[in-house]
Every structure is written in structure tokens, then in C-alpha cells.
Amino acid sequence: MLCIRKGNRAAILSAVLERIKMRTIEWVNGKVKLIDQTLLPGKLKHVYVTTVPQMIDAIKTMKVRGAPAIGVAAAFGCVLGSDNLNETARKLIASRPTAVNLKWGVERMLRVGSRAKGQGSRRLKALLLEEALKLAEEDVQTNKLIGFYGNKLIKKGMNILTVCNAGALATVDYGTALGVIRAAHEAGKKIHVYPAETRPRLQGAKLTAWELKQGKIPFTLITDNMIAYHMQQGKIDIVVTGADRIARNGDTANKIGTYSAAVLAKVHGIPFYIAAPFSTIDLKTKTGKDIVIEERDPAEVTNIGRERIAPTNIKVANPAFDVTPAKYITGIITEKGILKPNKIS
Ligand code: MRU
């Protein structure tokens with residue numbers, strides 16, 4: 001019988017647990033296994049994606065969402081469409097325009113494609129898969145580092161506001177803004193979180209609240225229009241959100257409503273941090289004005305779930321993101337440390 005010393009046993013057990021832990025995106029037997037985020041918190045169900053059109057649909061309909069998660073999903077999409085890599089890449093990049101991680105992930109795959117030229121389709125697919133798996137693994141490690149650096153900003157007993165979902169669900173695992181929160185909670189800092197519900201898709205209410213509950217992290221759900229009230233009441237000490245694209249000058253696109261939270265934080269003297277990997281920084285985009293903002297289906301605004309709440313035949317706007325100017329951002333928490341928004345390049 002194999003005899004394992006006590007210390008080793010604990011290390012092996014934690015490594016095994018780490019491996020079997022559920023991830024948002026996985027490659028399983030030639031298929032991409034995704035948590036269908038449109039069904040949460042009611043149902044935790046996976047979908048298996050086997051074709052490029054299915055992956056594009058999963059990204060567009062937000063079965064998979066969040067900047068790093070769609071970057072990794074698109075990378076796996078490139079494996080599925082390796083027979084026609086350039087066309088696959090073009091279609092995947094066009095599926096959602098704002099989060100630069102999507103383009104970044106696909107471009108990494110294209111670079112592998114050019115290096116593998118002339119090596120045959122099986123070899124190309126194997127190399128693409130290797131790269132996509134590496135990307136997924138790197139994402140988890142990156143988030144843990146973001147958590148490590150971000151945790152240094154969190155003091156015992158702090159109340160933290162976050163917008164949308166920048167958690168395990170928005171990444172492969174652990175999360176960016178929620179990674180910071182997770183790290184502070186794991187460090188026993190007795191923090192408390194205010195997730196804003198995030199109309200119209202309700203990622204805060206549906207996904208962040210679900211993740212916080214799962215992680216046993218104390219929280220109070222608020223609607224977006226309760227942010228000012230809670231700040232005025234002295235109930236929020238720090239804001240930490242994710243990002244979809246950070247321009248060279250530090251202007252940052254994130255979920256619609258982030259900008260107003262940042263302005264409110266400034267007015268109330270509350271530090272406002274963005275937590276994001278370097279893959280979200282887009283040096284080719286000079287300022288926030290150059291970021292394309294995705295406009296989504298008006299039905300997301302006129303309806304809540306299946307119920308229509310607005311009159312028919314009306315004009316509706318539905319920008320999915322807004323841009324927070326760099327001047328409202330205290331710092332950007334990355335896997336390499338905390339950057340001043342005006343010191344990116
Ligand atoms: O439209 P979504 O749900 O994809 O928007 C997600 C966000 O805005 C997140 O805050 C951002 O992608 C960072 S996720 C780590």
C-alpha cells in the first residue's frame with residue numbers, strides 16, 4: 001500500500017480538490033463545457049459547445065460572459081473552428097465588441113496558427129488546444145495574483161461596493177474584483193459586500209449575489225439607484241469593479257452604471273478601484289472615446305424576465321457598458337501590482 005506522510009497527504013488532497021473544483025469554462029472530451037449563466041441563480045446547468053456558431057451564440061446571448069471568460073471561450077472556439085481559423089477568428093471577435101480580452105484571446109490563437117503553418121490540420125488543432133488550455137490556466141493564476149495585490153487595500157471590517165459580476169463566473173475561476181473580495185474574506189478580514197443589482201441584465205443580483213452566497217461572504221444586495229444613499233450614509237468604504245477595456249490613458253469601460261458609481265465615489269471621498277488583468281489593457285486604444293460600446297436588445301430594458309414592464313412602441317437605449325474617465329479611478333489592481341491609471345504606458 002502506498003504510504004503518504006501527513007503533510008504530503010494534505011497537499012495532495014488540496015491539489016485534487018483544486019482540480020475537481022467547478023470552473024466556468026472547461027474543455028471536456030472535445031467539447032467546451034460552460035456554466036449557462038442565463039439560468040442562474042435558479043439552475044446550475046452546463047451547456048456543451050461543439051461548433052463555432054454555438055460558441056458565438058453562447059457569447060452573444062451571454063450564456064458565457066465577463067471579459068476574461070469570453071476571451072477564454074473564444075480561444076476554445078478557435079480550437080473548434082481550427083479548419084478555418086481566420087474566418088472563425090473574425091466571427092468570434094465580432095460577437096461582442098467592447099471587452100478587449102475577446103480579441104486578445106483570439107489573437108493569441110492566431111499567432112499559434114501562423115507558427116503552425118504547413119504542419120497539418122491535426123497538429124494545428126493540437127497546438128491550438130494546448131494554447132487555449134494554457135490561457136485558461138493563466139487566467140486563474142492571474143486572478144489569484146489580482147486578489148493578492150487587491151487584498152492589501154482592504155482593511156478589516158470594510159464595506160465594499162461592486163458593480164455587475166467580476167467573479168468566478170466572469171473568468172475561468174476566482175474572479176477579478178470578486179477575487180479581491182474573496183482574498184480579503186479568506187484572510188479573515190470580516191468584510192461586508194454591497195453588490196449593485198446591475199440593470200438591465202441583473203448580473204449583480206443574479207450572479208454576484210449567488211457567488212457571494214456560495215462563498216459565505218457577508219453581503220447586502222442593493223439596487224443601482226441605492227448607491228448614492230449608501231455612500232451618503234457612510235456605509236461604503238471602497239469600490240472595486242472589473243473592466244472590459246482599459247484605454248492607454250486609463251479611461252476604463254465596464255458595465256453600464258460603473259461610471260456613475262465612480263462619480264459618486266469621488267463626491268463622497270471613497271476610493272474607487274478597477275481590478276483587471278493586463279489582457280484588459282488595450283494600448284492601441286488611446287482614450288475612452290475610442291472604445292466601441294455594445295448596444296444590446298431593447299427588450300432587456302423593456303422587459304424583466306418574460307414580463308414587459310414598459311409600453312410598446314417607445315424609444316429605448318441599451319448601452320451595455322460605459323466609460324469611467326481615468327480621473328475618477330484611484331488605481332488599477334493587476335496581476336503585477338497596483339497601477340496609477342495615468343501611468344499605464
Ligand atoms: O455584459 P457582461 O456581463 O459581459 O459585462 C461584464 C462586466 O462588465 C464585467 O465587470 C467585466 O467584464 C469584468 S469581468 C472580470
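Me: How many Å separate the centres of domain 1 and domain 2?
Reply: In this predicted model, the centres of domain 1 and domain 2 are 23 Å apart, taken over C-alpha atoms.

Me: And which residues does each domain cover?
Reply: Domain 1 covers residues 9-143, and domain 2 covers residues 150-343.

Me: How many residues are in contact between domain 1 and domain 2?
Reply: On the side of domain 1 there are 32 residues in contact with domain 2, and domain 2 contributes 32 residues in turn.

Me: What area do the two domains bury between them?
Reply: About 2800 Å² is buried between domain 1 and domain 2, and 55% of that area is on carbon and sulfur atoms. In domain 1, the residues that lose the most area to domain 2 are Arg65, Thr98 and Asn143, which together account for 23% of what that side buries.

Me: How many salt bridges does the rule find across that interface?
Reply: The rule finds one salt bridge across the interface of domain 1 and domain 2. Arg96 forms a salt bridge with Glu294, and their closest N and O atoms are 2.8 Å apart. Side chains of opposite charge can pair when their charged atoms come close.

Me: Which helices supply the side of domain 1 that touches domain 2?
Reply: Helix H3 (67-80), helix H5 (100-115) and helix H6 (121-151) each supply at least two residues of that side. The largest share comes from H6, with five residues.

Me: How do the residues of that side divide into nonpolar, polar and charged?
Reply: The side of domain 1 that touches domain 2 has 17 nonpolar, nine polar and six charged residues.

Me: Changing topic to the ligand: how many residues surround it, and which are the closest?
Reply: The ligand is surrounded by 19 residues, and the closest are Arg65, Gln203, Asp244, Asn254 and Lys255.

Me: What lies 2.8 Å from an oxygen atom of the ligand?
Reply: A polar side-chain atom of Gln203 lies at 2.8 Å from a ligand oxygen atom. For Asp244, a polar side-chain atom is 2.8 Å from an oxygen atom of the ligand. In the side chain of Lys255, an N or O atom is 2.8 Å from an oxygen atom of the ligand.

Me: Back to salt bridges: how many does a search of the whole structure find?
Reply: The search finds 13 salt bridges. One example is Arg90 with Glu87, where the closest N and O atoms are 2.8 Å apart.

Me: Where do Arg90 and Glu87 lie?
Reply: Both residues lie in helix H4 (residues 85-95), three residues apart, or about one turn of the helix.

Me: What about the backbone: is the peptide bond from Leu40 to Pro41 cis or trans?
Reply: That bond is cis, with omega near 5°. Pro41 is in the loop between strand S2 (31-35) and strand S3 (46-49). The peptide bond from Arg199 to Pro200 is also cis, with omega near 5°, and Pro200 sits in the loop between strand S5 (192-195) and helix H8 (203-214).

Me: Is phi of Cys164 positive or negative?
Reply: Phi of Cys164 is positive, near 60°, in a residue other than glycine. Cys164 is located in the loop between strand S4 (159-162) and helix H7 (177-186).

Methods
Residues are numbered from 1 along each chain as its sequence is written. This is a predicted model: local features need pLDDT of at least 70, side-chain atom pairs count only at pLDDT 80 or more; totals for chains, interfaces and linings use all residues. Side-chain values use heavy atoms; hydrogens and water are left out. Domain bounds come from an automatic or database domain assignment. Contact means heavy atoms within 4.5 Å. Buried area is the accessible area (1.4 Å probe) that two parts lose on being put together, summed over both. A salt bridge is a side-chain nitrogen of Lys or Arg within 4 Å of a carboxyl oxygen of Asp or Glu. Helices (H or I, at least four residues) and strands (E, at least two) are DSSP runs, numbered from the N terminus. Ala, Val, Leu, Ile, Met, Phe, Trp, Tyr, Cys and Pro count as nonpolar, Asp, Glu, Lys and Arg as charged, and the others, Gly among them, as polar. A residue is near a molecule or strand if one of its heavy atoms lies within 4 Å of it. A polar contact is a pair of N or O atoms within 3.5 Å; within protein, one must be able to donate a hydrogen and the other to accept it, and residues adjacent in sequence count only if both atoms are side-chain atoms.
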